[in-house]
Amino acid sequence: LKKMATVEAEEVKLLRFDPFKSSFHPAFWNAVTNKKLEEWKLDETPKDVVGYYQNTTRSILPSYFSLDFNSLDPTFKVSGNSFVVHGLLYVLNTLEKYATVDKKELMTDIGKQIWNDIETKVWLKNPSLLNRFILIVHMDAKKYLYDFMIGFPALNVSDMFFTSEAEPFSKLDVDFMKAIQHVCLEAQRDLLPYFAILKQDNEYVLKKLNDPICETVTEDKIFLAFADPSASSKYAGWPLRNFLKAWKVFRPDFTYVRVICWRYTSFHSVDQPTNSLLLHISMQSDKDAIATFLPIVGWEKNSEGKVKNVHMDLSAQMDPNKIAQSASKLNLHLMRWRIVPELNLGLHWQTSCLLFGAGTLGCNIARCLGAWGFGKITFVDNGRVSYSNPARQSLYSIKDCIGGKKWKCEAAASALKDIYPDMEIAGVRLTVPMPGHFVDIDIEGKDAQPFAEDISRLEQLVSTHDIIFLLFDTREARWLPTLLSCLHNKIAITVALGFDSYLILRHGFGCGKKSAAGDLDVQSTLQSAESSTSASGTNLACYFCCDVTAPGNSTRDRTLDQQCTVTRPGVSMIASGLACELVTSLIQHPLQGQAPVEKPDSGANRSCLGVIPHQIRGYVNRFDQWNLTVERFSSCIACSEPVIDQYKRHGFRFVADVCNDPTLLEAITGLDRLKDDAKDMLVIELTKEKMIRPDEKLLENWKNQTKSSIKSVEDRLLLDEVGVEVNTGILYNTNLTAFSVQQQRVRLPIYKNRDVILYLIEKYQTLIIFGETGCGKSTQIPQYLLEAGWADKQKICVSEPRRVAAVTLATRVAEERASILGHEVGYVVRFDDFTQSDKTRVKFMTDGILVREIMKDPLLNQFSVVIVDEAHERNVNTDITLGLLRKIIAKRPELRLIISSATLDAKEFHNFFNINDSDDPSRNTSFILSVEGRTCPVDVFHLKRPIPDYVKASVITAINIHRTEPPGGDILIFLTGQDEVINCCDMLKEESRKLTGYDRLWVVPIYGALPFKEQIKVFDSSPSGTRKVTVATNIAEASITIPGVVYVIDCGFVKMRALHPDTGIESLMIVPISQASAQQRAGRAGRIRPGKAFRLYPESEFDKLRPFTVPEIQRIHLAPALLQLKALGINNVLRFHYLSRPPAMSMSRGLELLLALGVYTRMLCNMFLYMALAIDEDGKLTSPLGVQMAELPLPPMHAKALLARYTAVKSC
């Protein structure tokens, strides 16, 4: 740096400065006029005034010094990246006095004040004192004529400072530049106009000028820095002049200094300091020159070098309406001048917006569009202002509610006109026809004329506006505006609100066809940009493209809370702001409505305001936001060609037919046939291709399951009674079966977290995913990893707590991958290995099998990722697996671990797997990710008092639900064990035979010991005219997801293995469930629509339940688990890492059993009596007996008995 500071003689030239250029907002003159007339009158004494400059000037602009309507407030604090300058304002009463005023004397007086501050070192504490200004004004208040001169006092620095060529930051060493930039950004945040940068211990640190170290630091250890308003590549800004003079007086020993001209630019939230300069300045040491500060210069000059006198006639601008208009657009002009020079504000003024709905969204969006300078806004609404509206809808007041209540569209237009008087604003009272809302007219009669006129008027409104906002509360109200927007090639934006969520969606432009010939040149120009996008603007989905049913009357039978839009107050403001920003970015794009969806990192963003997404979905409850892209649906009920064609042919008659029969849309688009095909898919035929296994066996338990479609409900129920399987596959999420497999995957809630999951698994060794029921975590995460290349060289292991979960999930994933089960995706459960070592990349297995894998391969070298699913069940194998995996990831840093569940104490898992001994959170190895599920509201009901027989009560409750609730929702009953399930099913079948006048009941059991082909019946959808009742143990609580469930009956108990504390005997005990399990069971009712959960116990009992289920390792006999641990080489089982440490008594009893477990038998063939132990007195596993016992999938006592018998027979 010393070498950098050396200025060679032949390179030296006199340092020059870029002067300020004054900029006055018209509102400043309005404020001066008001002060003069009302307060100052004939007083000519100087008045304190405040101006400001910024160091964010773009390269094409001069160094602006600004004054606005706040400048007459001396206490005014500027915001943003602005730096305050205090000055004096002289308002002279006569033009003669203005012409003869002694400008030199006034300038000298202020210069002396600056010099005094320098000599007394006051400036070190407040460096802004170095910058002052003087403004002399004469005004004709009647004619709004103004004359002014402005000056920025600068001390004499003649022949004192010399410099070489300025060095741009872009040409500096990258590391040095980044270090300096970091310090300057810190000063920028504190709005320091002047500061110092010191080099200490090879680091650059920020120092204020009054820091004592500035008095002693040597010139090779310091950089002087200032906020530079200039954008010149050659000269520094005007504020540097007095700064250098003051520094030379403060440190006369300095002969040279390095100066940072800090120019800050942030574009698209990216800091760009490359306009900044580094100056190497040599200083003259002549004491006389240092002590001389006169003459004072700094008057703003004209092109001839004379003091600039500006004469202005503001008579046309001082009209209050024009001032308001100008003030409202100030921010837009500043945006264009200083940040986004490419911004075309003329497009905004030329664009007309049609707002369907003048409610909360309509008011907020209109206000925001006005702030962006849009020229025309039309409200369409047919409601009146109510007393509840002004609290949330910003364009209304209580006065609008009094005297008969004003029409919303008219009141909103009037209020907006008061705010933006120059804008063209209108309100249109019009009722939009909606599917499902009956239209009682004779299509060919005279009463059809008003309806036809409304349709014609509506179409004319859409055709004469550029942007259409769909803001109505109901889904069906958006249908006709969507159709018309598509027909007339208009930009359509849907904004919809939930309680704490929002959606902003731009519809695909036009009907999905190519643009007109006139646009071909523009499209060809942007062809390279479109190649890097995910979807073209003409192929995007509309609001209805994701639906497979026609809209209906959603207002029928609504309660008070359902009639009103219930949402958090801030949600509408967030959504409205985002919608307006999306529209603004869209019209700034060369293709406007046809603009493609652009990737943020593609570098092909054609809009000056950044990327343009398709959908913005936000969730305020977790302050989360996602950008999604969905392509147009060819059978859409609103924007598809068949629907558009029908409207073109039949006009208002077609609209009337749809209003009276919405299913007509399904027939036109083919959705009815699609839904029929989906029903036929409920019976899935397996491929007849031979599936090769490692042992060359076929799937014998699958080959006879393929049956033809059942023609009637009676046939199906009859086959079920005799035990014939009618569904040979697993069909998940039946409400999405009309879509392709890939469309189903995209619509799962976890899809929006795909990139986040892949990023986190790269960054962290352990990822804990807390995913709500139905989010798709079990089937999709393995596929995301497979697609990202995690199985290219190794495999992906997925551990499940139950056989049925491992088998069904593997089957579903193989189906989604379009591969044969056992090839790319397979499963391993006890007695059934359905994988191929050379082909299988994703292995589903039970947690017990995973422990066996670790026994064979202690470091799991064949796997790159291990997923422990449904970890909340916390059985003993799960806890042992987690403890072993913690040891493995410490040995294998490249191994990744994913823990997923619907209900778990995520913090406990995070602390367990976070191998970070420091307090630095950046070194964490574990991360928690929460994924929202697709759940609907669930009403929970409790009994008033306990009941003696919950099995019988479950049957009674199920029958009552079937009798009183509307058809279409299935019932799920939770009981404790196989006997209760069977008894309940028998009782339900008996009761169902007594029902008359109701749909049939189809009773399906599921429990762990049930054969697999019987278990998968629960995944089959109930036939038409039938309600399915699934009677299950806790196997249906989380391990599997049963489709179609709307009603849940919870007995409140579960059967668990537990160790008796006195006898030490382990048994199955019926105990109350935990609160987490109760919530999980209730959540099963909210998968497809709002559901109900009936708990067969009082609410007071729920409050007494444990928050979480006690881990199995803390309540069972530990001998089998300890034997497995010792087989894995863990001799000191007491110091093993347990997620939940077992009780000391259980550990002691388990070790005692293994030590005492021996076989005393009479050996044949004249052999002596012998004793064999599983572990020796040192607690180590014996060989061969202990090793052999651990290898058998049996409890220790059973394994010992089997081995003893085998040894006895072999010895004979």
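Helices α11 (residues 360-371) and α18 pack with their axes 9 Å apart, at an angle of about 45°. Because of that angle, α11 is oblique to α18. The model is predicted. The protein has 1212 residues, and 54% of them count as buried. Its secondary structure comes to 40 helices and 44 strands.

**Helix α11 against helix α18**

- The crossing of α11 and α18 is right-handed.
- On the α11 side, the contact uses Thr360, Leu361, Asn364, Ile365, Cys368 and Leu369.
- On the α18 side, the partners are Ser572, Met573, Ser576, Gly577, Ala579 and Cys580.
- Sorted by class, the contact of α11 with α18 holds seven nonpolar residues, five polar residues and no charged residues.

**Serine 585, also in α18**

- Helix α18 covers residues 569-587, and serine 585 lies in it.
- Is serine 585 buried or exposed? Its relative accessible area is 7%, so serine 585 is buried; the cut-off for buried is under 20%.
- Leaving out residues up to four places away in sequence, serine 585 touches Ser607, Leu609, Val611 and Ile612.

**Helix α30 against helix α37**

- Helix α30 spans residues 876-891, and helix α37 spans residues 1119-1127.
- Their axes come within 11 Å and cross at roughly 25°.
- That angle is why α30 is roughly parallel to α37; angles under 35 degrees count as roughly parallel.
- The crossing of α30 and α37 is right-handed.
- Helix α30 brings Val876, Asn877, Ile880 and Leu884 to the contact.
- Helix α37 brings Ala1121, Gln1124 and Leu1125.
- Which classes make up the contact of α30 with α37? Five of its residues are nonpolar, two are polar and none is charged.

- Proline 893 sits in the loop between α30 and β35 (896-901).
- With a relative accessible area of 54%, proline 893 is exposed; the cut-off for exposed is over 50%.
- Proline 893 and tyrosine 764 are 129 residues apart in sequence. In space, their C-alpha atoms are 9.9 Å apart.

- Strand β12 covers residues 203-207.
- Lysine 208 is in the loop between β12 and β13 (222-227).
- Lysine 208 has a relative accessible area of 52%, so it is exposed.
- What does lysine 208 contact, leaving aside its neighbours within four places in sequence? Lysine 208 is in contact with Leu192 and Cys214.
- Lysine 208 and alanine 187 are 21 residues apart in sequence and 9.2 Å apart in space, taken C-alpha to C-alpha.
- Asparagine 202 is in the loop between β11 (194-200) and β12.
- Asparagine 202 counts as exposed, at 69% relative accessibility.

**Backbone exceptions**

- Most residues other than glycine have a negative phi, and most peptide bonds are trans.
- Asparagine 202 has a positive phi, near 65°, and is not a glycine.
- Phenylalanine 623 also has a positive phi, about 50°, although it is not a glycine.
- Where is phenylalanine 623 found? Phenylalanine 623 lies in the loop between β27 (615-619) and β28 (624-628).
- Phenylalanine 623 is exposed, with a relative accessible area of 72%.
- Leucine 294 and proline 295 are joined by a cis peptide bond, with omega about 0°.
- Proline 295 is in the loop between α7 (287-291) and β19 (297-299).

**Whole-protein figures**

- The protein exposes about 54,800 Å². Carbon and sulfur atoms supply 51% of that area.

Methods. Residues are numbered from 1 along each chain as its sequence is written. This is a predicted model: local features need pLDDT of at least 70, side-chain atom pairs count only at pLDDT 80 or more; totals for chains, interfaces and linings use all residues. Side-chain values use heavy atoms; hydrogens and water are left out. Helices (H or I, at least four residues) and strands (E, at least two) are DSSP runs, numbered from the N terminus. Buried means under 20% relative accessible area, exposed over 50%, partly exposed in between (1.4 Å probe, protein chains only). Accessible areas come from the Shrake-Rupley method with a 1.4 Å probe; for residues, only the protein chains shown count as cover. Axes are lines fitted to C-alpha atoms, for helices over the stretch in contact, and angles run from 0 to 180 degrees between N-to-C directions. Angles under 35 degrees count as roughly parallel, over 145 as roughly antiparallel, 65 to 115 as roughly perpendicular and the rest as oblique. A crossing is left-handed if the near helix is turned anticlockwise from the far one by less than a right angle, and right-handed if clockwise. Contact means heavy atoms within 4.5 Å. Ala, Val, Leu, Ile, Met, Phe, Trp, Tyr, Cys and Pro count as nonpolar, Asp, Glu, Lys and Arg as charged, and the others, Gly among them, as polar.
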